[in-house]
Structures are given as C-alpha cells and as structure tokens.
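I opened the model to look up a few things. These are my entries, in the order I made them.

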Amino acid sequence: MTRYLMTKLIEAFIAIWGVVTIVFFVSRILGDPAVLLVPVGAGQQEIDNLRAALGLDRPLLEQYFQSLLSMLKGDFGISFQHTRPALDVVLERMPATASLAGLALLFGTLIGVAAGAIAALMRGTVAELIVMVAALLGQATPTFWLGIMLILLFSVELGLLPTGGSGTWLHYILPGLTLSVFVSASIARLLRSSLLDIMREDYVRTARAKGLMPRTVFFWHIARNALIPVVTMIGIIAGELLGGSVVIETVFAWPGVGRVIVQGIQAQDFPVIQAGVTLVAAIFVFVNLLVDLLYGVLDPRIRRG
Amino acid sequence: MAPLLDIRNLTVVFDTPAGTVHAVNDVSYTIEEGETLGIVGESGSGKSVHALSMVGLIARPPGRIVSGEVYFKGRDLLKLSQRELFDLRGKEIGFVFQDPMTSLNPVLTVERQIAEPLRRHFNLSKSQARERVVELLELVGIPNARERIGQYPHEFSGGMRQRVMIAIGISCNPKLLIADEATTALDVTVQAQILDLVRDLKKKIGTTVIWITHDMGVVAGLADTIQVMYGGRIMERGPVDTVFEDPRSAYTWGLLKSLPHGGKRGTTRLYQIPGNPPNLINEPIGDPFAPRNTFATERCLRETPPLQQVEGSVPGHKAAVWYDLREELKKQEAKV
C-alpha cells in the first residue's frame, strides 16, 4: 500500500512539474509584461528598468530554473499587478471557487444519481424518456449560454436574483444551478448505462436465484458495481470544478481561481499565471489520486498489497 | 408418492423485435425425490430457459410464460406471488450457474456471497452464518476454508470458484438443486473433480438434482435419468443406460454417434448431424428435428409427435417420434 502510494505521489509530482514547465514557456510567448505595466508614454529606459527589476532580462532558462527552485520553496514570486505574493492572490480566491464547486458537486451528484437510477429502473417508460432527454439537453447545452439565459430570466426579467458577483447565498443560486445541470446530466447518463449493463450480469442472476429481496439485489449487487465508473467521473468533475470554472466564473463575475487566472493572462502577470495553474494542476492530480484510492476500496480486484 | 417436481405443458416465449421466439414448447416431465436428471441439448434447446422460467428467473418482458403448471411439493410455482418466489429461491430450490468468474459478484467477499441466502432464509446472525460458511466450504473441498472466507472471487482458481458456487447452491439444503452448465467453463481434470464432488455431495445430503449440460459424457457419469431436448421440446428421456444403449430419437442417436469413442483413433471421421439448429422465431410445426433428420417421414414435418412410452423398452423410456428408429437403422444397414 505505501509503495503504491509512493509511486502515485511521484507520478503526481512529475505531472505537476510538466504543467509548470509548459505554463512557464507558453506564458513567455504572450509578450512583454513590462510594456503593459509602465505608465502610458514612458520611455524605453523605464521599460528596461522595470524588466530588470522583475528579472525578465535574464536568459529564459535561467529564469526557468530560478522559478522552479523558488516554487519548490513555495515561492511563486510577486504578482506584477498586485505587488503581493502571487500565491496569496490565487489562494484567497480559493474559498469562492471551492464553495461553488462543492455546492454544484453535491446537488449535481444527488440529482444525477437519482435521475440515473430512475431512468434505469423505469426502463422503457415515459419517465425514462423524460429523464434521458433532459440529461441529454443538460449535457449538450453550453454552460455559458445556460448561465446567460438564467441571468436574463431570473435577474433581468424577474429581478429575483443578482446578475453576478458574490456575497450572499442568493449569489450562489444561478452559478450553482448552471454547474449542477452539467454535473447531474453527465452523472445521470453514465449511471443509467452502467446500471443497465450491470443488471445483465450473471452475478445479478445468481443474487436473484438466492432469493434475495429486490432491494438487497439492487443495492449490494447492482448499484455497488455500477457506481465504480460513476465515482471516477465525479472525481474528474470535482478536479475540474475545484480548478475554477473559467467560463462560469466569468459569466457570473464570480471571484474565483479561474477568473484570477484569466485576469492574470490578460495582464501577462506571469507569477499569478504560474501560481494559479500550478494550484489547479495540483488539485486535479490530488483529487485523482483520491479517486484511485477510493477505487481500491470499491473494487477489490485493483486493491494492491 | 407424488413426484418432487411435476412440470405440465410448460410453454415459454420471448417477444423480440425480430418476432416471437418459441423457446420452450409444451414441456412436461416429472422428477422423483432423490433422482438426478441430466438434461442434454444444444444452445437454444430450451434446457436452461425452462428451468429458469419456473422460478421467475427469466426477464419478463421479453420472456413470457404462455401456459403450463409447475408443481413443486404440490404447489404450482407459476401461481406463486413474487414474495413467495423470493422465499422459495435459494431455500427450496438452489442454483449453480456456469462460468463462476461471471456468476460471482467480483466486489463482495466469498463469505458474504455464501452467507447471503443463509441470512436471508434462516435469519442467522453474522457469526452463525460464518460457521456455516466455513462448514460449507469444507464440504465442497476448499482447503483452509476459515482463512479464505474473507477473500474475493478473483483470488480463487476456476475450479475453486465453481466449488464456491456449489456451496452457495446447497447452502440452505435445498430440496432441488438445478445446475446450469456448471462444469462447462472448466478444464477436463477440474470438471472431473467437480463431478466427483457432486456425486459425493449427493450421497451426503441426498438432494434431488437437475443437471443441465450439452455434454453427454457428464450426464453418463452423473445422472439416473437423461432427457434430451431440442428446439424447446423433449425428444427423448429415460434411464441413462437404456437411452445410451438403445436411443429411439434420431437426434439422440446422432448425438451419441458424434461422440468420440476411446481406443479407436483416427480411423473414421466423427459423425456430424447435418443442417443447422432450428430458427425458433418460426411457429413450431411438426417434429423440430425433422428438417435435419434423414429418417423423417412426411408426417414428421406436419405433425408434432407426442412424447410416448417406447414400446418394448423399460418403463419410463419415452421418445417423441413418428418413425421407428430401429427399423430405419436396420433398413439402412441392409442397403449398405
């Protein structure tokens, strides 16, 4: 078990290092941040001075290794825009992102699991048709469009809910709903097909032949196995949501991690971009590691010694 | 004494998009307490479906029981409520399925899977059930039973998994044990071990057994009575030795002739029954085997022969034929 965990941790570390490297070089292609940071009308001398102060005049590889070393110490540099540690700029946005992600994940999973189970158990009925059409629409609708439509309806037309920003629980409703729709639709569709597959398994027939009550057969023999792929999907979605949904945070002016990264890119604020993307990658990798471990609990065949 | 199981005119169909599949057609037979009945037939002969349908184990829809009565200890199983069937399955009638890799739940321990019927039907506590599970595993010949109960199916070999499957089937001491292709997925040596085990268990617990297989050899070594099925019908049945010696259905005869005989090797080609298995979507008319039967008469194609006592054979030897196979074989020999 510890060996398995060690391998996984090393893999995770390599994955994050890869992300950091790509982000470092890609962000350097964006342009020269010093030009954006100096006041309008400043001369070349001032730009050069600023570039030297930010360390951007040194060779690229030197900058790369320098920032790798600092990152290992947890230092992502000072944000060009905010003149504060970049990691702090990103981390202080984390609660907003995490609370929205948690809400969407909770409701999305509850609704998705219920809908998927209903669709599978009521196979061939109108109920299944309704659930599946709704799920298909939910998964196919772009979230930004759904978000805008919800704002138009509930905020602009009805004036019931704020159009964006954060502060009260009312602010959570529209972005939370938008994300939940996507989460629940994905889960419902996967769970339904997974349940229908498992219901045909020989061991389900064995369970019935033992005279077990239908609910025992369903929960212990069907659902238990059908949930394995669903857990993976929830893990992947959780990783994505915790990294901040860039689109949703932009549509709803939600002060989350995704939005701060986008603002960083627009301002060519390299430290913020690096801190943000590294954090997102680390969360994603960590959540996936948790899913892997959970997998071992759910499925003894992949449990390791 | 009344037979343990008395099946009368059981007919089962499946409604599929391609049409109605006539899986079991007017099957009637009885089985006495303590008897071992071997049911032989190819895929689609209705041998598994008829057994599963009588305890509500086929999916309905698409399956549909058109007619019939199945008396088990005097009660018609087809008239039981769902609840009564739940109480019956596993307790009164135990099942052993083929391919224990897929017939055991991969994510539950062997202990849990064997204990389930015990706890369901006898309300045993966890520890009482565990004692019984260990006892059962020892009975079916799994070494170190106590250490192995916490393991999962994938930690057992194929033969050991089949033993676990048998332990589940006999856990509640059922009156009737139905084994559906229980040795099919196993290699020959393991198959022989399992058959030994079943013979041994029969001596110890005296259960009545229906052994469904497509392997004549397995039936020969295990059953008292053989029943040959084809196209959803019983073609012939009788004491194993009699039927093997003196088959009266051309299908049984063809099956026996296509078996390799020990000793003589490579001298002649094995016999092969001509034609293809029947398409069960067509309404069954006549003897289902007639289109492939060189001895078939005009009547065989039009009229379904009833399963009747074979004249001049032992009591209980029945065949569904219009022709006299012995006469036909004599004629054939005379021509050659």
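**Ground rules.** This is a predicted model, in which local features need pLDDT of at least 70 and side-chain atom pairs count only at pLDDT 80 or more, while totals for chains, interfaces and linings use all residues. Residues are numbered from 1 along each chain as its sequence is written, and chains are lettered from A and ligands numbered from 1 in the order in which they are written.

**Chain B overall.** I found 13 helices and twelve strands in chain B. Helices here are DSSP runs of H or I with at least four residues, strands are runs of E with at least two, and both are numbered from the N terminus. The C-alpha atoms fill a box of roughly 70 × 50 × 45 Å along the principal axes. Of the 336 residues, 44% count as buried; that takes 20 or more other C-beta atoms within 10 Å of the residue's own, with C-beta atoms placed from the backbone.

**Strand β9(B).** How many residues of β9(B) are buried? Six of the six residues, 225-230, are buried, so the strand is largely enclosed by the rest of the structure. B:T225, B:Q227 and B:M229 lie on one side, and B:I226, B:V228 and B:Y230 on the other. In a regular strand the side chains alternate between the two faces of the sheet.

I looked up its partners next; strands pair if DSSP finds at least two bridges between them. β3(B), residues 36-40, runs parallel to β9(B) with four bridges, and B:G38 stands opposite B:I226. β10(B), residues 233-239, runs antiparallel to β9(B) with six bridges. There B:P239 is the bridge partner of B:T225. β9(B) and β10(B) form a hairpin with two residues between them, and B:G231 in the turn has a positive phi of about 55 degrees.

**Helix α9(A).** I noted that 21 of its 30 residues are buried, so α9(A) is largely enclosed by the rest of the structure.

**Where the chains touch.** I counted 24 residues of chain B in contact with 19 of chain A; contact means C-beta atoms, placed from the backbone, within 7 Å. On the chain B side, α2 (82-88), α3 (100-103) and α4 (110-122) each give two or more residues. α4(B) gives the largest share, four residues.

Notes
Buried ≥ 20, exposed ≤ 12 C-beta atoms within 10 Å, placed from the backbone. Contact = placed C-beta atoms within 7 Å.
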